[in-house]
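Please look through the sequence and the model shown here before reading on.

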Amino acid sequence: MSRKPTNFIESLYEVDYNLSWKFALMCKLDHDSLTFLLLDKILYFFEIIGSGVPSLTLSVLGTILSPTYRQFCFNISVAQVFDIGCQFFVKGIFKRPRPTYHHNKDMFFTHGPDKYSFPSGHCARMAMFCHLTRLLIHFDEQPYIYISALISYAIITASRVFMGRHYISDLVGGVLLGILEGVIVWNYLWIR
C-alpha cells in the first residue's frame, strides 16, 4: 500500500497485508530449487487434505459401509456439511478478494463463494475438527491422536499464507468460525 493509513483499522489492514505478503514471498523466492519444489508439493498435499473433499468422502463412505463407525461417520459428515454451509454464507457476506499475489490456477477445488478469502475455510474446518477431537479424545489415554490433529492443523493453517491463498486475518477469522462451528455441532447437531 502506498498511502499512509488514516486510522487504526487501516493500520491493521496494512500490517496484515505486508506480513502475509512477506510469508508468501518466503516460499516463492527460489522456484527452481529442489527445496522449493518439495515444499510446494507438501503444502499442496496439505491443501487437498484440508479442503474437506477427502474427509467428507471418507466419512460418507464410512456412514454407508461401516456398521461399527456408522454413527461417528454420520456425525462427521453432518459437521462437514454444516461447515461448508457456514463457509458459503460467511464468505458470501464479506466477499473479501484473495491476495493480489495469489494465483488461482493452481488452487484445488474452488467454486462459488470459495473464490473469496475471508475467512479461511481450511482453518475453520481444521479448528472445528480439533475442537471435536478435544471433546471426543481423552488426551491422557490417546495423546498421539490429539497431537497429530494439532500438527496437521498447524501445517494446514501455515500453508494458507505461505501459498499466498490468504491473509493472516483470514486465518484468525477461520479459527474463530471453526471453534464456533465445533461448539454448535457438538451441542446441537451431534447425535449421541
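## Overall build

Helices (H or I, at least four residues) and strands (E, at least two) are DSSP runs, numbered from the N terminus. By that rule the protein has seven helices and zero strands, and its pattern along the sequence reads α-α-α-α-α-α-α.

The model is a predicted one, in which local features need pLDDT of at least 70 and side-chain atom pairs count only at pLDDT 80 or more, while totals for chains, interfaces and linings use all residues. Residues are numbered from 1 along each chain as its sequence is written, and side-chain values use heavy atoms, with hydrogens and water left out.

Of the 192 residues in the protein, 41% are buried, where buried means under 20% relative accessible area, exposed over 50%, and partly exposed in between (1.4 Å probe, protein chains only). Contact means heavy atoms within 4.5 Å, and among the contacts with a separation of 6 or more, 73% come from residues 24 or more positions apart.

## Helix H5

Helix H5 covers residues 121-136, which is 16 residues, and spans 22 Å from its first C-alpha to its last, close to the 22 Å expected at 1.5 Å a residue; the expected span is 1.5 Å times one less than the number of residues. Because 13 of the 16 residues of H5 are buried, this helix is largely enclosed by the rest of the structure.

## Charged pairs

A salt bridge is a side-chain nitrogen of Lys or Arg within 4 Å of a carboxyl oxygen of Asp or Glu, and the count comes to two. In one of them, the side chains of Arg125 and Asp83 meet at 2.8 Å, N to O. Arg125 lies in helix H5 and Asp83 in helix H4 (residues 70-94), so this pair ties together parts that are 42 residues apart in sequence. Both Arg125 and Asp83 are buried.

The side chains of Arg96 and Asp170 also form a salt bridge, at 2.7 Å, N to O. Here the link is between distant parts of the chain, with Arg96 in the loop between H4 and H5 and Asp170 in helix H7 (residues 168-189), 74 residues apart. Both Arg96 and Asp170 are buried.

## Cysteines

A disulfide is a pair of cysteine sulfur atoms within 2.5 Å, and a search of the whole structure finds zero of them. Cys86 is buried at 15% relative accessibility, and Cys130 is buried with a relative accessible area of 7%.
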